[in-house]
Amino acid sequence: MVRDIEQIHGRLPGRLAMRPDETLDGFIFRLGLHNEIRNLSAFRKMLGVYGQAPYDESDVAAAAYTLGITSSELSKSASWRCKEPARKGWRQWFGTELPEKLFRTGHRRFTRSVGGLGYFPAAWSLAPVSYCPITFEEVWSACPSCGSSLTWTLAHELDECPKCNTEFSDHDANVLSESHRSGYAAALQLIDPRVGVRVSALQE
């Protein structure tokens, strides 16, 4: 496995499949952990496709090859800032656009059972999403034990705090009441990362 950024030449040896509802931040976190790349900030800088879109197709293709995914998967999951002056203050979101103020891209939001899910659903990166649309557990923005905010900069076990090593599953979490779940899930379908889900929600 890769432990030094300078060792990376071409495609990473350990490959993972990208989930259809996964952001690029979340995928790189999982892939970095899988390949023993701890310094994810340096890895993202090496990839060179973070910030404002659009990027040159060759740069996107090169980064996608390194990650073992397609250029389309990278582009749709990146949440790049829109470059056009008329779209200032907006970010790309899986084939559509959302106001930038809705995003919490700098923080790694998580739930009690993130270890069981095995990835970070894209919806968690949106500020209005206070409960997971899959498990209906409360989405946390800081460690429930030490209060530290988690980021995407260093690879660490999904279900542990990198500061105090507490396991999130050891803590109780608020769960959305069953009476509110259907309405909550229906509302989130309007901004679901999967285009088909969004389209169906708009048609209802």
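# Notebook: around helix α1

I began with Leu31, which is buried, with a relative accessible area of 0%. I am reading a predicted model, where local features need pLDDT of at least 70, side-chain atom pairs count only at pLDDT 80 or more, and totals for chains, interfaces and linings use all residues. Residues are numbered from 1 along each chain as its sequence is written, and side-chain values use heavy atoms, with hydrogens and water left out.

**Entry 1: Leu31 and its helix**

I placed Leu31 in helix α1. Helices here are DSSP runs of H or I with at least four residues, strands are runs of E with at least two, and numbering starts from the N terminus. Next I looked up which residues Leu31 is in contact with, leaving aside neighbours within four places in sequence: Leu12, Gly14, Arg15, Leu16 and Leu67. Contact means heavy atoms within 4.5 Å. Leu16 is 15 residues from Leu31 along the chain, and their C-alpha atoms are separated by 6.5 Å.

How many of the 11 residues of α1 are buried? I found nine, so the helix is largely enclosed by the rest of the structure. The buried ones are Leu24, Asp25, Gly26, Phe27, Ile28, Phe29, Arg30, Leu31 and Gly32. What covers them includes α2, α3 and α4 (71–77). Just after α1, I noted Glu36 with a positive phi of about 60 degrees.

**Entry 2: the step before the helix**

Thr23 sits in the segment before α1. Thr23 counts as buried at 8% relative accessibility. Setting aside neighbours within four places in sequence, I listed Met18, Ser77, Phe94, Ala122 and Ser125 as contacts of Thr23.

**Entry 3: α1 against α2**

I then followed α1 (residues 24–34) to α2 (residues 40–47): their axes come within 11 Å and cross at roughly 115 degrees. The axes are lines fitted to C-alpha atoms, for helices over the stretch in contact, and angles run from 0 to 180 degrees between N-to-C directions. On the α1 side I see Asp25, Ile28, Phe29 and Gly32, which meet Leu40, Phe43, Arg44 and Leu47 of α2. This contact divides into five nonpolar residues, one polar and two charged. In that scheme Ala, Val, Leu, Ile, Met, Phe, Trp, Tyr, Cys and Pro are nonpolar, Asp, Glu, Lys and Arg are charged, and the others, Gly among them, are polar.

**Entry 4: the largest nonpolar core**

Which residues touch the most other members of the 49-residue core? I wrote down Phe43, Leu67, Leu74, Phe110, Phe120, Trp124 and Phe168. A nonpolar core is a set of buried Ala, Val, Leu, Ile, Met, Phe, Trp, Tyr and Cys residues joined through side-chain atoms within 4.5 Å. The elements giving two or more residues to this core are α1, α2, α3 (57–67), α5 and α6. The largest share, five residues, comes from α1.

Not counting residues up to four places away in sequence, Leu67 touches Leu24, Phe27, Ile28, Leu31, Phe43, Leu47 and Leu74.

**Entry 5: salt bridges**

My search of the whole structure gave five salt bridges, each a side-chain nitrogen of Lys or Arg within 4 Å of a carboxyl oxygen of Asp or Glu.

Arg81 pairs with Glu100, with the closest N and O atoms 2.8 Å apart. Arg81 lies in the loop between α4 and β1 (90–93) and Glu100 in the loop between β2 (96–99) and α5, so the pair ties together parts 19 residues apart in sequence. Arg81 is partly exposed at 35% relative accessible area, and Glu100 is partly exposed at 24%.

I also noted Arg87 with Glu97, 2.7 Å between the closest N and O atoms. Arg87 is in the loop between α4 and β1 and Glu97 in strand β2, so this pair ties together parts 10 residues apart in sequence. Salt bridges that share partners join Arg81, Arg91 and Glu100 into one network.

**Entry 6: a last stop at Val129**

Is Val129 buried or exposed? Val129 counts as buried, at 1% relative accessibility. I found Val129 in the loop between α5 (114–117) and α6 (178–188). Not counting residues up to four places away in sequence, Val129 touches Arg109, Ala123, Val139, Tyr184 and Leu188.

Terms used
Buried < 20%, exposed > 50% of the residue type's maximum accessible area, 1.4 Å probe, protein only.
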